Amino acid sequence: MLRLAPAALLAVALVLAGCARGPEKPSAQLEVAQAVGQYVLRRRNPPPPPAQLTRALLDRETQPYLEATIENRDAKAYLIRSFSRSDDHPGRIEVWRTQDNVSLALRQGMVTATRGLGGGLLSASVPAVAGQAGPVRGGARTYVLRDKGNGQTRLTLACSLHDLGPEPVKIVELTHPTRRLQERCEGAGGVVVNDYWIDSRPGHSQVWQSRQWAGPEVGYIRIRQLWR
């Protein structure tokens, strides 16, 4: 014989009582019972785990991908390169986008703008040189941030650049020889620290991994280049 626990009997009794009264507004007890039943079903049928990212899977791709993680939201996304271009400033700009049109603009691997993140970074000045990844010197940095509504806030920081030496980085089963460069920027009563892991092999120019500030609301974004 099938035996029901007291909680299940209570849920069944509430459902039957609701049916007996006809199409009235459900009672609070009935809503609780229904919620409990839905929770139990979700526990019994959990969603499948996300696919595991592997090097074999990436090697089958025909285009490069970036992995970006917003630390203060614990939100991770994968972006493809939308386009690249040059402008009047040193270094080349690459724009990377997600499927839902959130984008990051990078100049030589340094974040210069975000779109679709709310309270994001409209623009940033970075010390770039064509053909060389990452920052090349210290000095002033200017961030233009989105303010309430369509307003803008300009933030100027004084930065120093430090070479922290060799530090290999492993990204999805592949280890890259890199040097770690760190920017320490101060101003307006706060400190920003950006880290870059840059390919250390002669003739290679690539930021394989970075941790960069994108404004007070977005905070820090961790970026990894998944392309071999």
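## A cavity and a ring pair

The largest cavity has a lining made up of Val 111, Ala 124, Ser 125, Val 126, Pro 127, Arg 141, Tyr 143, Glu 183, Asn 194, Tyr 196, Gln 212 and Trp 213. Here, a cavity is a set of points on a 1 Å grid over the protein atoms alone where a 1.4 Å probe fits but cannot get out, and lining residues have an atom within 4 Å of a point. This is a predicted model, so to speak of local features takes pLDDT of at least 70, and side-chain atom pairs need 80 or more, while totals for chains, interfaces and linings use all residues. Residues are numbered from 1 along each chain as its sequence is written, and side-chain values use heavy atoms, with hydrogens and water left out.

About 70 Å³ of space lies in this largest cavity. Strands E7 (139–146), E12 (190–199) and E13 (207–213) each give at least two residues to its lining; strands are DSSP runs of E, at least two residues long, numbered from the N terminus.

Now for the rings. The structure has one aromatic pair. Tyr 143 and Trp 213 have ring centres 5.2 Å apart and planes at 85°, so they sit edge-to-face (centres within 6.5 Å make a pair, using the six-membered ring of Trp, and planes over 60 degrees apart count as edge-to-face). The partners are 70 residues apart in the chain.

Notes
On a 1 Å grid over the protein atoms alone, a cavity is a set of points where a 1.4 Å probe fits but cannot get out, and a pocket is an open set with protein on both sides within 12 Å along at least five of seven lines; lining residues have an atom within 4 Å of a point. Grid points are joined across faces, edges and corners, and a volume is the space filled by probe spheres set on the points. Helices (H or I, at least four residues) and strands (E, at least two) are DSSP runs, numbered from the N terminus. Rings of Phe, Tyr and Trp (its six-membered ring) pair if their centres lie within 6.5 Å; planes under 30 degrees apart count as stacked, over 60 as edge-to-face and the rest as tilted.
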